[in-house]
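Here is a colleague's note to read with the model open. Keep the sequence beside you and find each residue as you go.

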Amino acid sequence: HLVEPVAQLFRGIFPEVSQQIEVIQRIIRGEEESFLHTLGRGLARIENYLSTHPNIQEIPGEVAFELYDTYGFPLDLTQLIAKEWGAKVDTEGFEKALEMQKNRSRKATQRHYGDWIEINEGEHSVFVGYDTYETRTRIMRMRECKEAKGVFYHVVLDKTPFYPEGGGQVSDIGILRHGDQVLPVIHVYKEQESIIHVLSVLPRSPEVEWHAQIDIARREAVSRHHTATHLLHAALRDILGAHVRQSGSLVAPDRLRFDFTHPQKLTPEEIQEVENLVNSKINAALPRREYRDIPYEEALKKGAIALFGEKYAARVRMIEFGGSFSRELCGGTHAHNTLELRYFKILSESASAAGVRRIEAVVAQAFIQWMQSRIQILEKLQALLKNSNEPVKALENVIKEVDSLQNQLQQWYSLYAEKLIRDWKKGRGENRESIVVEEVELPADASSRNLLEALRRLHPSGTFMLLIRKGEQIEIGIAARQGANALFQQIASSIKLKGGGSSQIAVGKVLQPQFTYPDLREILAGVTLQH
């Protein structure tokens, strides 16, 4: 409800908001629903914890922190719920856990920069990478950087062919060479107006002239995926509507990832239509047209797409493929002709955030590698299906057979459960225990949970505890109307158990060697009354 008044209030500063009111409303609604879902998970988690610790006076700080860190559950809400259960929260423990996490985060990302050392005159790098893959250059300044992964050296060159990470595109890598010293450039990024080249080896003679060269094959693979990103964006707007806007991207040598605003999942037909349109533009051999230095307003008049939230200079670079089909303001590198992309394939379509979808795709050599991997999978599948000429039909038959065996197995679980209950009633008469404790044997790959479910269906009001032998492995399983996990946790306080469950079913592996049925009976004697 607040989107429209906010759009009107800021229409002179952010006119894009007025153009995207419905999309923004859908995103806000989706975010609220997502938060309420997260909140629901947190409520279930804290209530489950309190129900399994019915007499607890204080919720440990690390439990409250897990709720905060994993479920986004505010501390004050945890305190409110704890109060309703007659408990409080160890806030000191919470703050300690929070500080420990901050310290871990700081340690993982901590960097110590040395002072810049001036080597040659100059201020900022001149990027020449649009026109050349290599150049003669000089190091203007350098510094040492110590971080968790080791010691690195940052250098600023007077001229560079290296594209710095930005706009979703990964940086170039390559080498700096002088004489017999070859220095790998492992990453490049911008720091204000300077282009920083990250080296793992210290230059021996930083003051001399160096030869800078990028990894050409990698650059070209990245450029093809960046061009595919533009074609994909245009195709999505053409097929789904003008509400589609880029909402993030990753352009790498082996794939592209593209996030865009759209309210619902794409249908298989829409995905195929997008693929077909992009591939038609690839096959049309569209040349790249580049406007390297054009006034921002003029680019917009030509129909260029400017990304919402991005800041643009007065003069910009515009990339065009197929005339009005794709025009975008972009500083990234691109193929000279769409034919270089060969073929475009969408690998996945999924949700990225509320009202935002994500597509991952490949082109060119990455597509060929993807196809080769799929062919290998198909060949392995055919071998497993006795080299069937119709692997899909053969696999369908296998699935039907497995389903039939699963049904038979479920019947076996039910029959076994009936036998256990019948034997229990026959052996106990009227002096039946409140908890039925039995020792059973199952095949190594059988499901203990399925047997427990069968017991619960046949005798919903009963509480069953099974010591389950599967060869050398021993499990403890509990089925009950309620309190299964609470009883499981009580037993786990006496022996080493790995597992858990819900209030109806709980199962876990016994980690204590040479554990026996009498041991379980002895432990149970101490917890039955509490249960």
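This is a predicted model: local features need pLDDT of at least 70, side-chain atom pairs count only at pLDDT 80 or more; totals for chains, interfaces and linings use all residues.

1. How many salt bridges does the structure hold? The count is 21.

2. Look at Arg 317 and Glu 290. They form a salt bridge, and their closest N and O atoms are 2.8 Å apart. The two residues sit 27 residues apart and link distant parts of the chain. Arg 317 belongs to strand β16, residues 315–321. Glu 290 belongs to strand β15, residues 288–295.

3. Are these two partners buried or exposed? Arg 317 is buried, because its relative accessible area of 9% falls under the 20% cut-off. Glu 290 has a relative accessible area of 24%, so it counts as partly exposed.

4. Now widen the view. Arg 317 and Glu 290 also belong to a network of salt bridges. Asp 131, Arg 288 and Arg 292 are linked in that network too.

5. Strands β15 and β16 hold another pair. Asp 293 and Arg 315 meet through their side chains in a salt bridge, 2.8 Å from N to O. Asp 293 is in β15 and Arg 315 is in β16, so this contact ties together parts 22 residues apart in sequence. Arg 315 is partly exposed, because its relative accessibility is 46%.

6. Next, go to Glu 349 and Arg 357. Their salt bridge brings the closest N and O atoms to 2.7 Å. Which of the two is buried? Both Glu 349 and Arg 357 are.

7. Turn to strand β19, residues 356–363. Six of its eight residues are buried, so the rest of the structure largely encloses this strand.

8. Which strands pair with β19? One is β14, residues 256–261, which runs antiparallel to β19 over six bridges.

9. Strand β18, residues 344–353, is another antiparallel partner of β19, over eight bridges. To line up these two strands, find Lys 345. Its bridge partner in β19 is Val 362.

10. Finish at the turn. β18 and β19 form a hairpin, with two residues between them. Gly 355 lies in this turn and has a positive phi of about 75°.

Key:
Residues are numbered from 1 along each chain as its sequence is written. Side-chain values use heavy atoms; hydrogens and water are left out. A salt bridge is a side-chain nitrogen of Lys or Arg within 4 Å of a carboxyl oxygen of Asp or Glu. Helices (H or I, at least four residues) and strands (E, at least two) are DSSP runs, numbered from the N terminus. Buried means under 20% relative accessible area, exposed over 50%, partly exposed in between (1.4 Å probe, protein chains only). Two strands pair if DSSP finds at least two bridges between them.
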